[in-house]
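Please examine the structure shown here. The explanation that accompanies it is meant for a reader who meets it for the first time.

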Amino acid sequence: MKVTEVHVFQHDLPVVDPPYTMATQSVYSLDTTIVMVVCDDGTVGYGETCPLGSTYQPQHALGARAAITEVAPSLLGLDPTLHGQVNSAMDAALLGHGYAKAALDAACWDLAGKAHGVRVCDLLGGATRERLPAYHVVGRVPADEAAETAARLLSEGYTRLQVKVGGRTVEEDIAAIRAVDAVRPPGVRLVADANRGWQVPEAIQVSQACRDVVLTIEQPCNSYAELRALVGKLCHPMFVDESATDLQAVTAAIQDGVADGFGLKVSRVGGLTAMRAIRDVCAAHRRPHTLEDTWGGDIVWATTVHMAATVEPAQLDCTWLSQTYVDGFYDDREPVRISDGWIEVPSGPGLGVEPDASRWGDPVTSFTR
Ligand SMILES: [Mg+2]
């Protein structure tokens, strides 16, 4: 089995009920990139990468397509089921840009699953369960509105809530956390995610003011140095998300005692092959984590869910898909769907998504052997 063609597509994903608000930006629509990798036996694999705009992280959509254009020729002629060789070839063609390589890496896992007639999660070690908990975001809204949203989500079946904080006064953040906590029954997990939006004093003030709330604080500040400065000063566990850029960053955050857990995104760390190693390091050090991605459509969602399914339940804090925010289905069977706050693992071989590629129009670029 050899790769003979790589096609790259661009697609605009509309945000439902815009904008989506975070401490650092408001999002109205998203530019996603999909790759179709074709082999000499006719097998087709798909991958997708969709940065959350151009200011959430250094990744951006035009950068993804430029990097894929540079890397894709190195895949031609390779056996896509040999993931180490695929990643070595990509790294030899371009330094870094793991978020772009993640799409090609996912397409190769999709091809490997289809070649063996098994699911990607089974190639990655096997699903520990067939149904995964999802969390839902409570946006950066006033406290009364946050409580209303939280109550609705809980009634829909969600067992994990993430309140977006930062970018407003600490008093408003404290009020929103307390308002959501007040409607939360025991057992429902609560995270306050600042997406890098607090400074060190704000993180300390909010955490100490909410010391009686069972809460996890996620990526309170922008830099790793700021996160390090918070060690010993917070009243809550700290999860590292945006600073968990790769395996080296994850191991450093564990060794330094900075991370009590992580928010992990498949494309940010460079794809499924890279995430597999990070998953195992987190398990060895008993650091729980979420398993999610930035945005995207059902190819990103399937990639996320297959990896999340392989994480031991005690290690998996929960997962997240952008599904409730975008009109993203490329496969009319809707193989990955959040239902009552839970997600079933797709059943078909590979990623289990058979997209209708005509939705993306003509490829923006193609490579053939
Ligand atoms: Mg986060």
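The paragraphs below treat the metal site, the pockets and the salt bridges in turn.

The model is predicted, so local features need pLDDT of at least 70 and side-chain atom pairs count only at pLDDT 80 or more, while totals for chains, interfaces and linings use all residues. Residues are numbered from 1 along each chain as its sequence is written, and side-chain values use heavy atoms, with hydrogens and water left out.

Asp193 (OD), Glu218 (OE) and Asp241 (OD) coordinate the magnesium ion at 2.1 to 2.3 Å. Donors here are N, O and S atoms within 2.8 Å of the metal (3.2 Å for Na, K and Ca), and because water is not among the atoms, sites may look incomplete. Along the sequence, the donor residues follow the spacing D-x24-E-x22-D. Asp193 belongs to strand 9 (residues 189-193) and Glu218 to strand 10, so this pair, 25 residues apart, links distant parts of the chain. Helices (H or I, at least four residues) and strands (E, at least two) are DSSP runs, numbered from the N terminus. Asp193 is buried, at a relative accessible area of 1%, and Glu218 is likewise buried at 1%. Buried means under 20% relative accessible area, exposed over 50%, and partly exposed in between (1.4 Å probe, protein chains only).

The pockets come next. On a 1 Å grid over the protein atoms alone, a pocket is an open set of points with protein on both sides within 12 Å along at least five of seven lines, whereas a cavity is a set where a 1.4 Å probe fits but cannot get out; lining residues have an atom within 4 Å of a point. The largest pocket has a volume of about 670 Å³, a volume being the space filled by probe spheres set on grid points that are joined across faces, edges and corners. Its lining comprises 28 residues, and those nearest the centre are Gly98, Thr245, Asp246, Arg268 and Val269. Helix 11 contributes the most to this lining, with four residues. Domain 1 (3-117 + 358-368) and domain 2 (123-344) each provide at least three residues of the lining of the largest pocket; the domain bounds come from an automatic or database domain assignment.

The second largest pocket has a volume of about 390 Å³. Among its 18 lining residues, Asp17, Pro19, Tyr20, Gly139 and Tyr325 lie nearest the centre. Domain 1 and domain 2 each give at least three residues to the lining of this pocket as well.

Salt bridges complete the picture. The whole structure contains 21 of them, each being a side-chain nitrogen of Lys or Arg within 4 Å of a carboxyl oxygen of Asp or Glu. Arg178 and Asp212 form one, with their closest N and O atoms 2.5 Å apart. Arg178 lies in helix 6 (residues 170-183) and Asp212 in the loop between helix 7 (200-209) and strand 10 (216-218), so the pair ties together parts 34 residues apart in sequence. Arg178 is partly exposed at 32%, whereas Asp212 is exposed at 55%. Asp110 pairs with Lys114 at 3.0 Å between the closest N and O atoms. These two residues are four apart in helix 3 (residues 98-116), which means that about one helical turn separates Asp110 from Lys114. Asp110 is buried, at 0% relative accessibility. Finally, a network of salt bridges links Asp241, Lys265, Arg268 and Glu292. Asp241 is also one of the residues that coordinate the magnesium ion, and Arg268 is among the residues nearest the centre of the largest pocket.
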